[in-house]
Amino acid sequence: MNRSVTNIPSGEEQGTIIPCPIEPQTTKVNVKPLHAGFVASVDTPSLDRQLDEETLNAIRHAWRQHPVLIFPGQDLDPTGLATFSKQLGEFGDDPYVRASKFHENIIEVRREAKETAPIFGHSWHSDWSFQAEPPSATLLQSHVLPPFGGDTVFASGYKAYEALSSAMQEMLLPLKAIHSARSAYGPKGLFAKDDDTRSMKIIVSKDAEETCLHPLIRTHPESGKRALYINHVYTVGIDGFKESESSAMLNYLFRHMAQPAFIYRHKWRENALLMWDNRCVIHYADGGYTGHQRIMYRATLAGERPVLR
C-alpha cells in the first residue's frame, strides 16, 4: 500500500471554492468552505480566551458540516490551545506519548533538524482508534514550521463510504474491525526500534498489544452520516475472517480511501490551528523537510464508543 499522496492540491492551491450550503454567519465567525462537506476555513477572534456561546455554537455547526476546520491567524501557545479545547469538550486520553512540560493535556509534536527516527504520524491513521472510546477531535497548532514540506494530508471516511457500491456497503455494514496499537507502540512495534535522535517522548508498552472491536462502518453521532472507519496503522483485521481474507479486504478498502477524490492536503502557514474529526477522517503527517525543525502543539478531545445506526 502506498501511504503517501504527493500530488494532491490543497483547496488553497486550487483557487476555487466548491459550492455548498450557506453557513450561519455571526459578527464573530466567518466560515469559508473549501471542499463541500469536508474542509472549511474559519475566521474568528483569538481563541485563547473564554468564548461566548454564540461563537462556540457557530464553530460547532461549522465542524458538523466540515470535519476539517482551518483557523488562520491563531497564535496559540499550549495554555491557549488547552483553553480553547476545553470549551469544546473533555480532553482525550493520550496513552503512548508523554505530555509536554507546558500543559498536562497538550502534546508537543516536535522533530529536530538532525532527527533520523521515523516521522511521528507518518502513515494513515485515525487518532487512537484502538481505544474503546476513541477521541472525537484532534486540534493541532503550528508553532515552528520548516521552510518547505511537513504537510498534513486528510481523507474523508464519509466520501469513501458514499462512493462504495450499494452491494459493497451492504456486505460491510455488519462487520467489525479489529483495532490495536501493537504495530506502533508494542514491544515489537515501530517506535520500539527508534534511534536516540527521537525528541518526542514515546511510551512503548505491552498494553499496546490489546485489541478492540469497532464497526467497520460507523454512524457519526452528530451528523447521522455513515463513514468508513478503518485506518492503516491501527486496523489489524476483520473479526471472523481468516488473516489472508481480512488482509485482502482491508488492502482494497485502504486503496479505496486514498483516492485523490477523497483527499485534502493541508499546507501549513504560520499562526494556524487545525481541528479535525477522527470519527470520519483519517490523516497522516508528510515529511519532506529533512534538516529543519518542526514543532506543533496537539490536543485531543474525548469521544464515544463507535456505533452503527
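I began with D127 in this predicted model and found that D127 pairs with R298 in a salt bridge, with 3.4 Å between the closest N and O atoms. I then placed the two residues: D127 sits in the loop between strand 4 and strand 5 and R298 in strand 15, so the bridge ties together parts 171 residues apart in sequence. I checked burial, and both D127 and R298 are buried.

Next I looked up D151, which forms a salt bridge with K267 at 3.0 Å between the closest N and O atoms. D151 belongs to the loop between strand 5 and strand 6, and K267 to the loop between strand 12 and strand 13, so this pair ties together parts 116 residues apart. I noted D151 as buried because its relative accessible area is 8%, under the 20% cut-off. K267, at 24%, is partly exposed.

I also took down K225 and E162, whose side chains meet in a salt bridge at 3.9 Å, N to O. K225 is in the loop between strand 9 and strand 10 and E162 in helix 4, 63 residues apart. My total for the structure is 19 salt bridges.

I turned to the largest pocket and recorded a volume of about 610 Å³. It has 36 lining residues, and F120, G121, H122, S123 and H125 are the closest to its centre. I sorted the lining into 18 nonpolar, 11 polar and seven charged residues. Among the elements that each supply at least two lining residues I listed strand 4, strand 5, helix 6 and strand 15.

Key. Residues numbered from 1 in each chain as written. Predicted model: local features only at pLDDT ≥ 70, side-chain atom pairs only at ≥ 80, totals over all residues. Heavy atoms only, no water. 1 Å grid on protein atoms, 1.4 Å probe; cavity = no way out; pocket = protein on both sides within 12 Å on 5 of 7 lines; lining within 4 Å. Points joined across faces, edges and corners; volume = space filled by probe spheres on them. Helix = DSSP H or I, 4+ residues; strand = E, 2+ residues; numbered from the N terminus. Nonpolar A, V, L, I, M, F, W, Y, C, P; charged D, E, K, R; others polar. Salt bridge = Lys/Arg side-chain N within 4 Å of Asp/Glu carboxyl O. Buried < 20%, exposed > 50% of the residue type's maximum accessible area, 1.4 Å probe, protein only.
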